[in-house]
Amino acid sequence: MFEFGYERSRLVDYGGVEWVQLPANYRTLRGIRVIAQFARIIAWADVVHWYFASRILPRDLDFRILRAVDRPRVVEWMGSDIRRPSVELADNPVFARAIDDPTLAHMWSDERSSEFQRQFHEAGFVPACATGMVQYVRDEYRGDLCVVDRALPIMDYEPSYPRADQSTPPLVVHAPSRLVSKGTPAVLGAIERLQGQLRFDVDLVHGVPRAEAVRRMQRCDIFIDQLIVGDFGMAALEAMALGKPVIAYVKRTLRERYPADLPVVDATPESLESVLRSLLADPAKRAELGALGRRFVERHADARARVERLNQIYEAARMHVHE
């Protein structure tokens with residue numbers, strides 16, 4: 001697997017990934033080498049699986065090379081690349097209140113989402129995304145859409161269930177990739193109000209390498225995911241794989257699409273204080289939810305099942321090329 005970018009992400013595990021730094025100027029020798037390397041990778045591949053809807057090379061060079069080589073190709077849309085505010089506003093009152101925050105206004109755009117989807121459609125990509133992302137795919141591109149939910153190698157996650165006693169203060173962990181868009185101000189506000197009433201510890205995990213974030217997550221008794229977008233993400237899956245109870249805001253219309261045994265405890269910025277208070281006071285419930293979370297990941301988010309699904313999608317991409 002290859003990742004092209006201007007700087008490495010702290011959120012990515014680069015095991016098995018060759019990272020290629022993009023140049024500031026493609027007219028330099030290094031820029032020409034990156035273009036040549038991209039072309040060699042595409043020619044080498046049997047199937048091109050493109051993550052996220054950002055482009056790599058200027059002047060349409062990336063897609064021109066793809067068309068020339070004519071490999072089967074899949075684009076997996078991940079989140080902020082195609083999230084459409086108009087769709088989220090229709091059934092998410094929390095998002096409706098948050099979107100007015102000036103720090104969020106630049107993150108999501110109907111126009112940008114539509115343009116990304118158009119570009120990849122015209123370049124012959126088969127689109128794929130997780131259940132929670134289907135709502136953002138424009139109707140004209142849903143005919144070829146493949147649903148492939150997030151998964152992880154559960155054998156790499158040793159569960160460490162919350163203690164079913166109160167011998168030590170419970171630890172609450174919140175690990176946002178972005179502070180405002182994940183609802184961190186509301187999380188910190190609820191925690192501050194509760195700290196004067198209950199005994200517990202807090203760890204805000206932000207801006208650290210992924211391996212360290214997972215280690216700190218493994219120590220917690222309660223994990224708080226995002227509270228704005230109305231879905232849960234990879235961090236929540238990792239916490240469940242580690243046997244932790246997870247709090248997140250999953251909007252009603254989306255929760256109905258997930259398996260009935262999804263154990264994520266629902267909370268909005270307004271209800272978080274009450275929800276967190278209840279879990280902090282109930283160690284037995286925390287242990288129960290931790291076990292249910294691990295079971296959910298084993299049933300529905302095992303990477304081995306994702307491999308089977310991806311093989312089906314790659315076959316659909318091959319058929320698409322030959323149409």
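**Entry 1: the whole protein**

I began with burial, and buried residues make up 52% of the 323 residues in the protein. For me, buried means under 20% relative accessible area, exposed means over 50%, and partly exposed is in between, with a 1.4 Å probe and protein chains only. I am working on a predicted model, where local features need pLDDT of at least 70, side-chain atom pairs count only at pLDDT 80 or more, and totals for chains, interfaces and linings use all residues. Residues are numbered from 1 along each chain as its sequence is written, and side-chain values use heavy atoms, with hydrogens and water left out.

Next I looked up the overall build. The protein has 12 helices and 11 strands; these are DSSP runs numbered from the N terminus, with helices being H or I of at least four residues and strands being E of at least two. The C-alpha atoms fill a box of roughly 65 × 40 × 40 Å along the principal axes.

**Entry 2: helix α7**

Which residues of helix α7 (residues 210-218) are buried? I found A213, V214, R216 and M217. They lie on the same side of α7, because they cover an arc of only 165° around the axis. The arc is that of the directions from the helix axis to the C-beta atoms. Their cover includes β7 (171-174), β8 (201-204), β9 (222-224) and α8 (234-241).

R216 came up again in a salt bridge with E212, at 2.9 Å from N to O. A salt bridge here is a side-chain nitrogen of Lys or Arg within 4 Å of a carboxyl oxygen of Asp or Glu. E212 and R216 are 4 residues apart in helix α7, so about one helical turn separates them. E212 is partly exposed, with a relative accessible area of 25%.

I followed K251 and D91, whose side chains meet at 2.8 Å, N to O. K251 lies in the loop between β10 (246-248) and α9 (252-255) and D91 in helix α3, so the pair ties together parts that are 160 residues apart in sequence. Is K251 buried or exposed? K251 counts as buried at 1% relative accessibility, while D91 counts as partly exposed at 28%.

I then turned to D203 and R219, with their closest N and O atoms 3.9 Å apart. D203 is in strand β8 and R219 in the loop between α7 and β9, so this pair ties together parts 16 residues apart in sequence. D203 is buried at 12% relative accessible area, and R219 is exposed at 52%.

Most residues other than glycine have a negative phi. F52, not a glycine, has a positive phi of about 75°, and D60, also not a glycine, has one of about 65°. F52 is partly exposed at 29% relative accessible area, as is D60 at 30%.

S80 sits in the loop between β4 and α3 and counts as buried at 17% relative accessibility. Leaving aside neighbours within four places in sequence, S80 is in contact with F52, M107, W108 and R112.

M78 is found in the loop between β4 (73-76) and α3 (85-91) and is partly exposed at 36% relative accessibility. With M1 and Y51, M78 makes a nonpolar surface patch of about 300 Å². Patches are made of residues with over 30% relative accessible area and no salt bridge; like charges are joined within 9 Å, and nonpolar side chains (Val, Leu, Ile, Met, Phe, Trp, Tyr) within 5 Å.

Conventions
Contact means heavy atoms within 4.5 Å. Accessible areas come from the Shrake-Rupley method with a 1.4 Å probe; for residues, only the protein chains shown count as cover.
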